[in-house]
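Thanks for making time this morning. I would like to walk through one model with you, region by region, and I will give the cut-offs as the terms come up.

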Amino acid sequence: MFRKVLVANRGEIALRVIRACRELRIPTVAVFSEADRDSLHVRLADESVCIGPPAPAQSYNHVARLISAAEVTGVDAIHPGYGFLAENAHFAEVCASCGFVFIGPTPEMIRKMGDKSVARHTMREAGVPVVPGSDGLLGSVEEALPVAEALGYPVIIKATAGGGGRGMRVAWDQKQLRAGFGIAQAEAGAAFSNNAVYLEKYIERPRHIEFQIFGDTHGHLIHLGERECSVQRNHQKLIEEAPSPFLSVEQRRAVGELAVRGARAIGYVNAGTMEFLFDQDGSYYFMEMNTRIQVEHPVTEEVTGLDLVKEQIRVAAGEVLSRTQDEVEWRGHAIECRINAEDYRHGFRPSPGAITYWYKPGGPGIRVDSHVYAGYVVPPYYDSMVGKLIAYGKDRPEALRRMEIALEEMIVEGIQTTIPFHQLALRDARFQRGDLDTHFVESLLKTDPASSAEGRAVAR
Ligand code: ADP
């Protein structure tokens with residue numbers, strides 16, 4: 001097992017990794033920017049190193065500073081968390097060349113799956129259905145027009161290096177494709193330093209359902225079932241649950257096996273997620289793979305009883321997966337609400353600042369993964385998530401009821417949060433039936449009297 005682990009991240013995921021390390025009795029090193037000096041991850045780690053000013057480029061995304069911190073503290077492994085450098089193949093490479101184990105897949109695997117167009121090709125070769133689309137990248141709108149014609153409108157222009165819901169643009173006709181193509185390229189270039197784009201058929205009312213997979217270095221690869229992530233705004237997830245209320249046992253097995261087949265095609269190691277879009281008619285398509293731990297991993301942990309972060313560390317240390325596919329069992333239902341420092345009534349406007357009062361709910365089946373406390377100041381420099389509220393129950397109704405009660409109990413003062421949004425969503429009849437698609441939030445806000453006109457207009 002590792003001697004010491006450096007956690008190259010901040011916020012709740014840094015805390016989550018530190019807790020897993022403590023269970024495994026591995027000392028930890030936290031890194032922090034000047035804006036995070038008072039963060040809980042700094043207090044709970046055994047050692048901590050300031051790595052620079054608040055801007056991510058000067059701190060959490062600064063490879064040389066992270067490596068220096070790892071060197072001076074004498075760690076032997078680095079956990080990247082999610083976001084920042086978690087899917088940066090160069091960082092994984094530098095870690096390895098400096099003698100640190102990167103707790104995640106190899107740089108080659110990250111590279112293969114990080115380029116969406118290459119990933120589509122790889123999955124198609126492996127026999128996994130992908131969203132109908134262009135055969136690789138498109139250099140110009142002239143190249144794109146006949147492809148869109150053949151696919152049929154609407155189509156979606158996607159940045160091959162895209163991530164975090166950015167770098168996508170829908171075109172409903174030729175005119176919009178002509179107008180959107182260059183903009184999408186420019187946006188992709190600015191956001192990812194790579195302006196390459198490709199086309200996919202735009203699926204109009206899909207469900208986003210993703211499969212958690214896990215591989216070890218001994219050739220074992222399993223899936224841990226799915227997460228329903230259709231409740232999103234601007235392609236960003238807000239509520240996730242496991243299992244999906246939509247899938248049958250047979251579908252779970254069939255798509256789970258496909259996800260494993262796809263991951264096996266690149267010999268995948270460590271935690272990964274295969275994202276699929278499910279059409280209204282039940283057909284499904286691979287969309288992309290995330291080569292890291294996901295924000296929403298706790299719902300899978302709750303229903304499988306497996307600690308995914310501990311498993312990541314164990315597998316990176318060369319141990320065998322703690323379960324075979326046959327030993328994976330799903331029990332009950334779990335749901336996660338992302339508590340963001342945002343005012344949903346005004347288009348989810350960010351609401352950073354000091355948290356003057358913080359009371360977190362408890363009771364059977366309630367878990368709160370959060371790095372904040374009363375007196376904590378939410379910095380404006382990073383993503384706005386202040387915590388994740390997770391409810392578990394023997395079935396979906398019990399999990400939902402527990403979540404409702406927890407949302408009522410939870411008190412956050414000083415900033416606006418997405419708690420009222422979640423209460424609105426949970427009360428909705430469609431949500432309660434599990435009748436979801438990726439436009440659920442948009443339609444929910446359209447009829448919400450509390451939302452400002454501006455808030456409703458920018459709901460997506
Ligand atoms: P990112 O890497 O930025 O998260 P994804 O490729 O995972 O991007 O897509 C994010 C979201 O965008 C999906 O969950 C879905 O809501 C929407 N989306 C992506 N591709 C399509 C498509 N072909 N048709 C309809 N919606 C799509």
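Tyr-359 sits in strand β18, which covers residues 357-359, where strands are DSSP runs of E with at least two residues, helices are DSSP runs of H or I with at least four residues, and both are numbered from the N terminus. Please keep in mind that this is a predicted model, in which local features need pLDDT of at least 70 and side-chain atom pairs count only at pLDDT 80 or more, while totals for chains, interfaces and linings use all residues. Residues are numbered from 1 along each chain as its sequence is written, and side-chain values use heavy atoms, with hydrogens and water left out.

Tyr-359 counts as partly exposed because its relative accessibility is 39%; buried means under 20% relative accessible area, exposed means over 50%, and partly exposed is in between, with a 1.4 Å probe and protein chains only. Together with Tyr-357 and Ile-411, Tyr-359 forms a nonpolar surface patch with about 270 Å² of accessible area. Patches are made of residues with over 30% relative accessible area and no salt bridge, like charges being joined within 9 Å and nonpolar side chains (Val, Leu, Ile, Met, Phe, Trp, Tyr) within 5 Å, and accessible areas come from the Shrake-Rupley method with a 1.4 Å probe, where for residues only the protein chains shown count as cover.

Let me turn to the charged side chains. A salt bridge is a side-chain nitrogen of Lys or Arg within 4 Å of a carboxyl oxygen of Asp or Glu, and by this rule the count comes to 39 salt bridges. One of them joins the side chains of Lys-237 and Glu-275, at 3.1 Å from N to O. Since Lys-237 lies in strand β11 (residues 236-242) and Glu-275 in strand β12 (residues 270-278), this pair ties together parts that are 38 residues apart in sequence. Lys-237 and Glu-275 are both buried. Another salt bridge is that of Arg-430 with Asp-435, whose closest N and O atoms are 3.7 Å apart. Here Arg-430, at 22% relative accessibility, counts as partly exposed, and Asp-435, at 34%, is likewise partly exposed. Salt bridges that share partners also join Glu-210, Arg-227, Lys-237, Glu-240, Glu-275, Glu-296 and Arg-338 into one network.

Arg-338, from that network, is placed in strand β14 (residues 333-340) and counts as buried at 11% relative accessibility. The side chain of Arg-338 reaches the backbone oxygen of Lys-237 at 3.4 Å, a polar contact being a pair of N or O atoms within 3.5 Å, where within protein one must be able to donate a hydrogen and the other to accept it, and residues adjacent in sequence count only if both atoms are side-chain atoms.

Where does Lys-388 lie? Lys-388 belongs to strand β21 (residues 385-393), and it is buried, with a relative accessible area of 0%. Its side chain makes a polar contact with the side chain of Glu-12 at 2.8 Å and reaches the backbone oxygen of Val-295 at 2.7 Å. The C-alpha atoms of Lys-388 and Glu-12 are separated by 8.4 Å, although the two residues are 376 residues apart along the chain.

Glu-12 is among the buried residues of helix α1, which spans residues 11-23. Because 10 of the 13 residues of α1 are buried, this helix is largely enclosed by the rest of the structure. After α1 comes Arg-25, whose phi is positive, near 60°.

Technical notes. Expected span 1.5 Å × (residues − 1).
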